[in-house]
Amino acid sequence: MNEQKRVSTKLTYFAAFLLPVLMLGVVYLLHGIYPFGDHTVMTGDARFQFVDYLSYLKSIVFGNNDFRYSFSKNLGGNMKGFSAYYYMSMLNFITLLFPSEFIPAAQGLVLAVTMGLCSLTFFTMLGSLHGISRINLIFSIAYAFMGFIAVYFQLSMYFTNLVVFPLIMLGLFRLISDHRNCLLYAVTLFIAVLSNYYSGFMICIFCLLMFIYKIALELGTIRDLRKYTKTIVVFACSSVLSVAMSAFNLLPALLSLEDEKNVISIGFYRTFSLSRLFSKLYVASFKGNMSTGMPNIYCGVLVVFLLYLYFLNSRIPKKERVLSAVFIVFLMINLYFNPLNVIWHGLNQPIGFPYRYSYMLSFLFIYFAYRGFKERDGSRRIIKAIGFVIIYVLYSAFLLVGGNETIGLKEIIITAFFLAAYMLLSELQVLRERAPLWMLFALLLVSAVELSYNMYDSMGQVELASLAEYREYVDDMGATVEEIKQGDKSFYRMEKDVRRTHNDAMQFDYAGLSHFSSSEKKDKMKFLGKLGLRNNGNWAFYGEPSTMLLDCLMGVRHFVSQFHTTPNNYTKIIQDKVYKGYVNESALPIMFAGNREITELDYREFGNDPFEFQQAIADSLAGRDTAVFSEAEILSTQVVNLKESDEDGYRHYEKEEPDKDACILYSIKTGDIMNGPDEPACLYAYFDAPDIQDVTLYRYDTDMGPYFGVYRWNIVNLETHTVGDTYEISLHPKGSEMDIKDAYFYYEDRNAVKDFSREITGNPSELEKITSSHLRGSIYIANEEQCAVLSIPYDEAWKITVDGEPAEIKPAAGMLLSFETGVGNHEIDMRYIPKGMYAGTVISVAALILFGLGIVCLKQSCKPVDSQSSGL
């Protein structure tokens, strides 16, 4: 290769990366996305989850947290499954270069780099298989701007796998061509499984399907299969060893998922209307539905047209076209038939973002379209083009008549415009040999405009978060949190009554009670729900001030509020900032001495009365009746404009006059418990129901907000009252119906809470956070009835030593952690060793050694045989 050609090749590779970046830059400019405006690529889960995860990643890399354990997710928990899913995509580490308040802007850069690399790797694959050509750019940018990325651009944890996927396919093709050439396939598959085990699992399935497809293409008869014995063995060994080499990360991650995604959900049904699947090939077919939408298989109108020509191309063997059609149809069936679709998703229904492997179908479309282009057949071009137009018109008419929700006349016209442009350029012989450079440029330009417009339209279907609003919140909340941290260096929990997301504990690196991720344990959420916090099955959330006893038990020492006072009358320590800081002097430390009766308590044995459960915990820890709660007397329950009936375990209410207001009115007798000279005890309420519903809670005539909702279904502080008054609480259905199981009203004696706290903390204890998986401290046990208790989840992975000797751990209240120490002062050391970490490391090392030996053996088999030793 001469120097001029070498430079031209390098420029072409550079163009493969740069072109998608420039195209996305235009999209950013039109949407006003940073740096061209205040918008960001943060939307949906990226806005309410991932940005906080990435902020916490900084505390792992630069702070004293680690990938093993975190106290910023609910009560605390194993981080291996979380880290393996959300953090291992190497492109995420770009965000470490930015301060937390600019992470949304950093995500915009990550997306641009990802799309540039996707185009580059696809271009590399095509160049290695079929030769480097400028025309390859058309197909590489189609992969970079395919529908999966255009719609799921917020799913940054999959970005690395989207980038390496073409290289995995290139490695697989090389392995099939020569079984000794397996290095690229094994290394890239290892990267995929390491980067995201969930997506990596899907890629493993696809690799098996692609391997079968390619071998079937090579076979003349079934007897020829024996020729590929070595190839099959090398493929199997390379695949297994690639996965095994990631065991140091994979095994602890999978073991940590116990009780997280443990419900197999098959469901024998069709996931969508198959006749409407091809509507997703139209330009601008995405309309904002990321929860129950159809597979995102868009890959450009030109690709669809060339794919059509591929199957009509007589220069391509009929066997290949048939097998390619079978491959495509099989993937479509997997998307269409739920039992098969669920297998791809690890036997669990995904929560949002369905069909997370649909990009593989787009990959096949683009690759087969390119194959058709390389073997282009110029015969009967006009007839083939007319046939495609007829199919397009008939299918578009079917979508219009059938009332398709995503495709209307606008989308049909826009798609038709680009189709006409491609057909015109085709007739100008752009798709023939030695087409003029300007014609190739014109085809590339039209394709770039189409793909960019589809990306622009897709982004326009969702709300793009404001960078200024995010920075303002992070700066204001961060200032209060940081001042609290500087004033109190001990180990404690913090909560707040401001809801931006459920993951602020990760955003600001503090121990809290709220968290939302797809890798969180269900039992922790159930436990917090039993305590009266909001548990909707996917996350648990503190939300608003709860009882003083709950804050005491869970060690919530600091509270951040948007208000100048708190219902629990905590002491204000920060008042000159947007968000005020308060301290709860009655909060228990994270580790304390309690009566061992707590080990006999189990949250699973309690009903849905959170006050009863909280009281039981306090009584068990103290070994006596603490008398914190007293049940309020319901004087009367009035049903207004509602007809009631008994259902299975609950009462059903339906409006008698639909146009009029209706409610259930509870009249509560005020108690005589006093928290102070002029401070009656606070009244709390909790309502139980069979399901989420649209109901409004009122105190007298004051609207206290929704209840039984997605975000609010927890203990409600009804604040103080005047002794002797009748308290009126009512539930008003916004619709025509309402279902209720029970209503619980309790008074809390805060003096009893303070007495309980002083009693428990009378035995001194200290606990220092060395790292998030290593704690060290001391505790004093006064008598043989006591044991050490920690308000962190019981987990056998905690290895605890007392005065240097291993201690046996036990669950407390069915969820918390306890261990025996004996009477007196004791030094405590706690280390979290995730299950499978050591075994996974051994497996990885062994697999790496075996793989290295295998590579050496394969290379040895490539060497020519020595004529002397062979006797020749």
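In which handedness of crossing does α7 pass α8? The crossing is left-handed, a term for a near helix turned anticlockwise from the far one by less than a right angle.

The model is predicted, so local features need pLDDT of at least 70 and side-chain atom pairs count only at pLDDT 80 or more, while totals for chains, interfaces and linings use all residues. Residues are numbered from 1 along each chain as its sequence is written, and side-chain values use heavy atoms, without hydrogens and water.

Helices (H or I, at least four residues) and strands (E, at least two) are DSSP runs numbered from the N terminus. The axes of α7 and α8 come within 8 Å and cross at roughly 155°; axes are lines fitted to C-alpha atoms, for helices over the stretch in contact, with angles from 0 to 180 degrees between N-to-C directions. That makes the two helices roughly antiparallel, the term for angles over 145 degrees.

Contact means heavy atoms within 4.5 Å.

| Helix | Residues | Contact residues |
|---|---|---|
| α7 | residues 159-177 | T160, N161, V164, L167, I168, L170, G171, L172, R174, L175 |
| α8 | residues 183-195 | L184, Y185, T188, L189, I191, A192, S195 |

By class, this contact has 11 nonpolar, five polar and one charged residues; Ala, Val, Leu, Ile, Met, Phe, Trp, Tyr, Cys and Pro count as nonpolar, Asp, Glu, Lys and Arg as charged, and the others as polar.

Elsewhere, four strands form an open sheet in the order β3-β7-β9-β8, with mixed pairing; strands pair if DSSP finds at least two bridges between them. β3 (493-496) and β8 (571-574) are at the edges with a single partner strand each, so one side of each lacks a neighbour in the sheet. β8 runs antiparallel to β9 (residues 580-583), joined by three bridges. K572 has Y582 in β9 as its bridge partner.

Methods: Parallel < 35°, antiparallel > 145°, perpendicular 65-115°, else oblique.
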